[in-house]
Amino acid sequence: MSLSVFDLFKIGIGPSSSHTVGPMWASFRFIQELKDRDVFASTARVDAHLYGSLALTGKGHATDVATLLGLMGERPDLTDPDQVNHRIELLRSSGALMLGGERPIPFNETDNLVFHFTHFLAKHPNGMELRAFDSAGIILHQQTYYSVGGGFVLSEPETEQSSEDRTRRDDDVPYPFRNAQELLALCKEHKMTLAQLVRENEKTWRSEDEFRQGVLNIWQVMDNCIRRGCKETGELPGGLKIKRRAAKLYKELTERPEAGFKDQLTVMDWINLYAMAVNEENAAGGRVVTAPTNGAAGVIPAVLAYYDRFIPNSNEEGIINFLTVAAAIGMLYKRNASISAAEVGCQGEIGVACSMAAGALCAVLGGTNEQIENAAEIGMEHNLGLTCDPIGGLVQVPCIERNTMGAVKAINAARLALRGSGEHHVSLDSVIETMRQTGMDMQAKYKETSTGGLAVNVVNC
């Protein structure tokens, strides 16, 4: 399969790419399928069934809200976060769901939105089934979907297809690669940097100008998210009574700038701020970029903001190359392991984001292709085994602080790689395979189910 930069970076809303963005896309797709089958007009009832991790952390991850929004014809990349609560409150008060945004049908969440806490579907921990009925109770259409991480969704029939049948084929692009070894070899053979090679592949689907503008738009959404997060105050939703901290930190850093001359590590406070601002916005259901997931959405923006604001001679071209290289590394994880915490734990989210950011920063700081690969490897190697155990099923604790740690670790990984020659004992391909195996061995209670770890050892009230 051949992936695009825009597969790894998607615009959506918080708090979770796999539990919010994915289910919303699935529900939206279901509505389109009803129309394609010419049964939309005769649909009188819709049922949604959530299984496994989607059920266990569904409330905290707003899976129920996302599913309802999708059935109302909303898309994650276009929905207005400020209107979400109003639309859901209207549905609940009226007892009617505006199917596809076009006509109302009766809907009762207790009966029509069912959480199966102990039942996991075979294909993936994040499974959901949607069913449409006519007025006589006859099933018009039903479909099972799997939210496989990063906002990617597969229907039941798509899981039976080969990866190339359901995605772009490798031979669609001029420089196909399956792993880091092949990527490095192609770059060496054709005398290109990683960014140049991936940008050449992107020309298969869009012009150079469309690619540039698309990537810069991704950065604009990230940057806007940082700026919003630095202003908002109050408590995050969900019941943990977690107070936003980014605005207070931003005020401290800007009101006393001279303190930065006394403490050389003040730049670390700014990096922490950027990551915290994004993930507080994510936790509040704001607009974010999956990078490569929502739970890890703060790492790459924080490191890119560090490049943009603190590195001399940073520029637009560097921003584009940063996100291009980050995506190239993310493609390797998506293809050969997983970016789903429900499948491999948080190493598949924060770990992957850290790896992507480390390689990307190394690239824009002048690293060779070999040093970039080394930086990405370091970023993951020291996140191996990272579990996903959110308290209360909310993407807040330990998720928000974990993004700050991932960002700082990524910068250190890039600096370590830049101080080396690019030669190292553990390859990126080896660490990706190790991450995959570690995830398969990890107990389910540590994989986004909130049934182990911090989720049960910390009082969530």
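The model is predicted: local features need pLDDT of at least 70, side-chain atom pairs count only at pLDDT 80 or more, and totals for chains, interfaces and linings use all residues. Residues are numbered from 1 along each chain as its sequence is written, and side-chain values use heavy atoms, with hydrogens and water left out.

Start with the annotated region. The unreviewed UniProt entry gives "domain: Serine dehydratase beta chain" for residues 4-156. UniProt positions follow the numbering used here, feature names are shortened, and annotations may be inferred rather than shown by experiment. Over residues 4-156, the chain is 35% helix and 31% strand. The end C-alpha atoms of that stretch are 23 Å apart. Helices (H or I, at least four residues) and strands (E, at least two) are DSSP runs, numbered from the N terminus.

Now look at β6. Phe-133 lies in this strand, which spans residues 126-133. On one side of the pairing list is β2, residues 45-52. Eight bridges join β2 to β6, and the two run antiparallel. Two strands pair if DSSP finds at least two bridges between them. β6 also pairs with β7, residues 139-149, in the antiparallel sense over seven bridges. β6 and β7 form a hairpin with five residues between them. In the turn, Gly-137 has a positive phi of about 85°.

Phe-133 takes part in both pairings. Its bridge partner in β7 is Ile-139. Arg-45 has Phe-133 as its bridge partner in β6. Leaving aside neighbours within four places in sequence, Phe-133 touches residues including Arg-45, Asp-47, Ile-138 and Ile-139.

Is Phe-133 buried or exposed? Phe-133 counts as buried, at 7% relative accessibility. Buried means under 20% relative accessible area, exposed over 50%, and partly exposed in between (1.4 Å probe, protein chains only). Seven of the eight residues of β6 are buried, so the strand is largely enclosed by the rest of the structure.

A disulfide is a pair of cysteine sulfur atoms within 2.5 Å. The structure holds zero disulfides. Cys-225 is buried, at 2% relative accessible area. For Cys-399, the closest cysteine sulfur is in Cys-388, 6.2 Å away and too far for a bond. Cys-399 is also buried, at 15%.

Key:
Contact = heavy atoms within 4.5 Å.
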